[in-house]
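Dear colleague,

Please find the structure below. A short account of the findings follows it.

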Amino acid sequence: MDTTLINVLCLILLVLGILGTFLPVLPGLLLSICGLLIYKFGTNADLPMIYVWAFGILTAISAVLSYVIPAKTNRKYGGTRWGSIGSIIGTIVGIFIPIPLGFLIGMFAGVFIGELLHDSKDMNKALQSTKGAFIGFIYGTGFSFVVGVAMFLVVVLDMLDII
């Protein structure tokens, strides 16, 4: 296969990966890491392996943080363990609900319902906890976005022989 075609494919995957960090219909950093791997092993690129390892580790960390950060920030905003567990369960259930942003709606609903199950009289606490989960989601998405952009830049800079 032509190197130019492979490079274009890699760039498309990297851009789709960046978009996927905030669009739930795309698998995010998974696409980006695929673009990086295809670039490294599908061309005669001199990209050092340290980038492949570093971005592989950062992608794995991002996958874990996507579930953990909203649960932790939920607690920071007054949420209980019930809200944290609800966040994780809601996210997983939301992934399988065939609606746009199902995982996000599931996460927020999980936090809210979890907090109400813990204390059905304090709706304000449940709302604050849900706000914390939202802020955590923003942090996790921001981290993934930065990693995706960094992968894109490393590949582009390597294509231009700058690194």
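Rings of Phe, Tyr and Trp (its six-membered ring) are taken as a pair if their centres lie within 6.5 Å; planes under 30 degrees apart count as stacked, over 60 as edge-to-face and the rest as tilted. This is a predicted model, in which local features need pLDDT of at least 70 and side-chain atom pairs count only at pLDDT 80 or more, while totals for chains, interfaces and linings use all residues. Residues are numbered from 1 along each chain as its sequence is written, and side-chain values use heavy atoms, with hydrogens and water left out.

By the ring rule, the count is one aromatic pair. The ring centres of F108 and F134 are 5.8 Å apart and their planes stand at 55°, so the pair is tilted. Because F108 lies in helix 5 (residues 102-118) and F134 in helix 6, the pair ties together parts that are 26 residues apart in sequence. Helices are DSSP runs (H or I, at least four residues), numbered from the N terminus. F108 has 18% relative accessibility and counts as buried, whereas F134, at 40%, counts as partly exposed (buried means under 20% relative accessible area, exposed over 50%, partly exposed in between, with a 1.4 Å probe and protein chains only).

Helix 6 (residues 123-159) also meets helix 1 (residues 3-20): their axes come within 9 Å and cross at roughly 160°. That makes the two helices roughly antiparallel (a term for angles over 145 degrees, taken from 0 to 180 degrees between N-to-C directions of axes fitted to C-alpha atoms over the stretch in contact). The contact (heavy atoms within 4.5 Å) involves residues including L11 and I18 of helix 1 and F145 and G148 of helix 6.

Yours sincerely

How values were computed. Parallel < 35°, antiparallel > 145°, perpendicular 65-115°, else oblique.
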